[in-house]
Amino acid sequence: MSLQFDDAHRPKANAIINAGTAAGIVFSGLASLMAFGGWRELYMLFSAISCAVAVWIFYAVPTGRERTASGPFSFAIFKRPGMLALCTGSFLMGLSSTAVWTFGGSLLRDEFNFTQADIAWIWVALGLAGVAGAMTGVFVQRFGLARVHWVSLAGMAAGMIGLSFTSVSVAFAFISVALFGASYITSSGAFLIQGIRLLPDRPDLGLGIPFLILASGQSAGSPLFGALLTGWGLGIALPVFAGAALLSGCIRPWHSADNAFVAP
């Protein structure tokens, strides 16, 4: 991305790439509806798509190394201003997201008696809303990184809380997961932009580090949410993880990422 796009267009391009996750969720939901339980065939289909994309990227990505690396990796990079806040926020965001990503389907099935077909349509709704995350770069340029960061994480928290009201109306499930999907894709895109701005000389690490830490948070969040759900129930587990999303919104490299120098 650093080779192909200038500073003005790079955040938009990265946000569009990140929103591919949401498009994939829509596709997976529709595919599961048409597969009638044939999950093995679906896994083989997605594996084939992944292999095709790998070949595509092999030929599409330029071979030049300019602006993509500047020496071997060093842990000293975490001492740079703003990196601790970025990593902490990414971890908490990833941790909180497991309430829906990992347990959303089982919660809807076990707590609210949704069928597998119902859950597939829920994922379609989540993915369709998440496609809005492709606008993250535009939102950041228009409203600023700080505002997009906070609003997206507050939206994730609201989506989690709203899911607990599904017993009142099925509409709460669709609205809540749609809000969560749009907010999650936007938030992850905001973390991506923060990382690249904090590490303008290493765009590979600027993108890779926040996503690695985010995935680590998801790994840690799954057993924690499971333990809370088993011990305290849905009424406690969802608000606690919504609180983690809000806390992530409060921990960010305030002015560092907003004003960081971007290499010409």
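Tutor: The structure holds 2 cavities of 30 Å³ or more. A cavity is a set of points on a 1 Å grid over the protein atoms alone where a 1.4 Å probe fits but cannot get out; its volume is the space filled by probe spheres set on the points. The model is predicted: local features need pLDDT of at least 70, side-chain atom pairs need 80 or more, and totals for chains, interfaces and linings use all residues. Numbering starts from 1 along each chain, and side-chain values use heavy atoms, without hydrogens and water.

Take the second largest cavity. V100, G104, L108, I122, W123, L126, L163 and V177 line it (an atom within 4 Å of a point). Helices here are DSSP runs of H or I, at least four residues. α6 gives the most, 3 residues. By class, the lining has 7 nonpolar, 1 polar and no charged residues. Asp, Glu, Lys and Arg count as charged; Ala, Val, Leu, Ile, Met, Phe, Trp, Tyr, Cys and Pro as nonpolar; the others as polar.

Now the packing. α4 (83-101) and α10 (203-232) meet at about 45°, axes 6 Å apart. Axes are lines fitted to C-alpha atoms over the stretch in contact, with angles from 0 to 180 degrees between N-to-C directions. The two helices are therefore oblique to each other, which excludes angles under 35, over 145 and from 65 to 115 degrees. Contacts (heavy atoms within 4.5 Å) include L86, F91 and W101 of α4 and I213, L214 and F225 of α10. This contact has 15 nonpolar, 9 polar and no charged residues.

Technical notes
1 Å grid on protein atoms, 1.4 Å probe; cavity = no way out; pocket = protein on both sides within 12 Å on 5 of 7 lines; lining within 4 Å.
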